[in-house]
Amino acid sequence: MNMNVNVKKLYIILTISLFVFPAFLTEAANYEYLNSVAGRGDTIVIYFKNNKSAIKSAAFGTQPISYFKYKKDYVAVFATSATQAVGKYSVKINFSDGTVFKKILAIKVLSTPKKIALGIPKKLDMTPASLVSNLRTQNAVLNNVFSATSTEIFFNSPFGLPLANNRNLGSLYGEIRQTGNEQIRHMGVDLIAPLGASVYAMNYGIISKVYYDPVYGNSILINHGHGIFTAYFHLNTTIIKQGDKVQKGAKIGTVGKTGYATGPHLHLSVKINGISVNPLKFISAFK
Ligand SMILES: [Zn+2]
């Protein structure tokens, strides 16, 4: 008698599970790594696990999302800027089988950047105003490189650090530097390392530019595909040329103090669809 009741109960649970579980399973296993809150300068990578249908279009508010196949999954990748307006944004991804992924992402100020006073090294022979106008010209050159669209994805494993174990943090991402009457936002991260230390490509990619600039010094820009670029500044030497294909971890140059640098360090910048993100958070975004 007792046993029959249990069997009945079990049967009911199983029947409910048959109807409820498949839907629940698709929802739960469908994607990973999208929290409901993000900060400024964040890299957001959504993994659509075991999804058979490819992404057809995607948008984060009015901003673009890159999407491609990474390892075995379809991923959607987007960025928030250092000055991203706080508020709620819709993330909408359309798949070719007609299904839609929709979620609200709240952008909050999770940390307030430091303000520091920073002079101009004598060797630059610039005033704060000429430094800013120089930066503006150079950033236009850089943005032209970063706007190159490539639907080819050049990497299939997580990004690595550009330096070996001799890494110390100098200036952080988003920091505001007061130089005379000018405020300059630091859009990358400074990694302090000895002069001549090896600098490595953070992932597989194509060298899109190797050049010297009075502010950024000897510079290398790498295109990793789908709007993702890494940039390496103030180098002492560069050992690759434009158009070269590099493997992840390939040596591309050495740490220097060329351009607007008071001592040897690597200034590292990461761009996603033209937006500068926090490079240290970016590194852990790809699993
Ligand atoms: Zn820097």
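A residue counts as buried under 20% relative accessible area, as exposed over 50%, and as partly exposed in between (1.4 Å probe, protein chains only). The model is predicted, so local features need pLDDT of at least 70 and side-chain atom pairs count only at pLDDT 80 or more, while totals for chains, interfaces and linings use all residues. Residues are numbered from 1 along each chain as its sequence is written, and side-chain values use heavy atoms, with hydrogens and water left out.

A zinc ion is coordinated by His186 (NE2), Asp190 (OD) and His267 (ND1), at 2.0 to 2.2 Å. Donors are N, O and S atoms within 2.8 Å of the metal (3.2 Å for Na, K and Ca); water is not among the atoms, so sites may look incomplete. Along the chain, the zinc donors follow the spacing H-x3-D-x76-H. Aspartate 190 lies in strand E14 (residues 189-192) and histidine 267 in strand E21 (residues 265-272), 77 residues apart. Helices (H or I, at least four residues) and strands (E, at least two) are DSSP runs, numbered from the N terminus. Aspartate 190 is buried, because its relative accessibility is 7%. Histidine 267 is also buried, with a relative accessible area of 7%.

An open sheet of 3 strands has the order E10-E12-E13, with mixed pairing. Two strands pair if DSSP finds at least two bridges between them. Strands E10 (115-117) and E13 (182-185) stand at the edges; each has a single partner strand, so one side of each is left without a neighbour in the sheet. E10 and strand E12 (residues 176-179) run parallel, joined by 3 bridges. Isoleucine 116 stands opposite arginine 177 in E12.
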